[in-house]
Amino acid sequence: MDEDTSIKVAKATRERLAELAQERGTTIRGLVEVLAASAPTKAELRARAEVARTELRERFGIQVTPADETAGQQLWDQLTGPAAAAGAA
């Protein structure tokens, strides 16, 4: 088992984490561990993107260009940015 450590956060953040954990039937520790395990690093995202580009090229003959990647990122930003979150509220 890994050695325990602590993370300092603002009281309001701690209270929010406690509420989120309770709603999910877990502890703050469990909530943070799930987040850490499920959120990919930039290196992992780059690796996934390379696998996707390879699959698109080899299986479907689609060559993803830098312009395609830019357009995709812009669409993603529109779907997940602050304006999208405000519309979902």
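Arg29 is partly exposed, at 43% relative accessibility (buried means under 20% relative accessible area, exposed over 50%, partly exposed in between, with a 1.4 Å probe and protein chains only). This is a predicted model, in which local features need pLDDT of at least 70, side-chain atom pairs count only at pLDDT 80 or more, and totals for chains, interfaces and linings use all residues. Residues are numbered from 1 along each chain as its sequence is written, and side-chain values use heavy atoms, with hydrogens and water left out. The structure holds five salt bridges.

- Arg29 pairs with Glu33 in a salt bridge, with the closest N and O atoms 3.0 Å apart (a salt bridge is a side-chain nitrogen of Lys or Arg within 4 Å of a carboxyl oxygen of Asp or Glu).
- Both Arg29 and Glu33 sit in helix H2, residues 28–38 (helices are DSSP runs of H or I, at least four residues, numbered from the N terminus).
- Arg29 and Glu33 are four residues apart, about one turn of the helix.
- Glu33 is partly exposed, at 44% relative accessibility.

- Arg53 forms a salt bridge with Glu69, and their closest N and O atoms are 3.1 Å apart.
- Arg53 lies in helix H3 and Glu69 in helix H4, so this pair ties together parts that are 16 residues apart in sequence.
- Arg53 is partly exposed, with a relative accessible area of 24%.
- Glu69 is also partly exposed, at 38% relative accessibility.

- Arg59 and Glu55 meet through their side chains in a salt bridge of 2.4 Å, N to O.
- About one helical turn separates Arg59 and Glu55, because they are four residues apart in helix H3.
- Arg59 is exposed, with a relative accessible area of 62%, whereas Glu55 is partly exposed at 33%.

**Loop between H3 and H4**

- Thr65 lies in the loop between helix H3 (42–60) and helix H4 (66–80).
- Thr65 is partly exposed, with a relative accessible area of 31%.
- Thr65 and Arg53 are twelve residues apart in sequence and 9.5 Å apart in space, C-alpha to C-alpha.

**Segment before helix H1**

- Val9 is in the segment before helix H1 (11–23).
- Val9 is partly exposed, at 42% relative accessibility.

Methods. Helix = DSSP H or I, 4+ residues; strand = E, 2+ residues; numbered from the N terminus.
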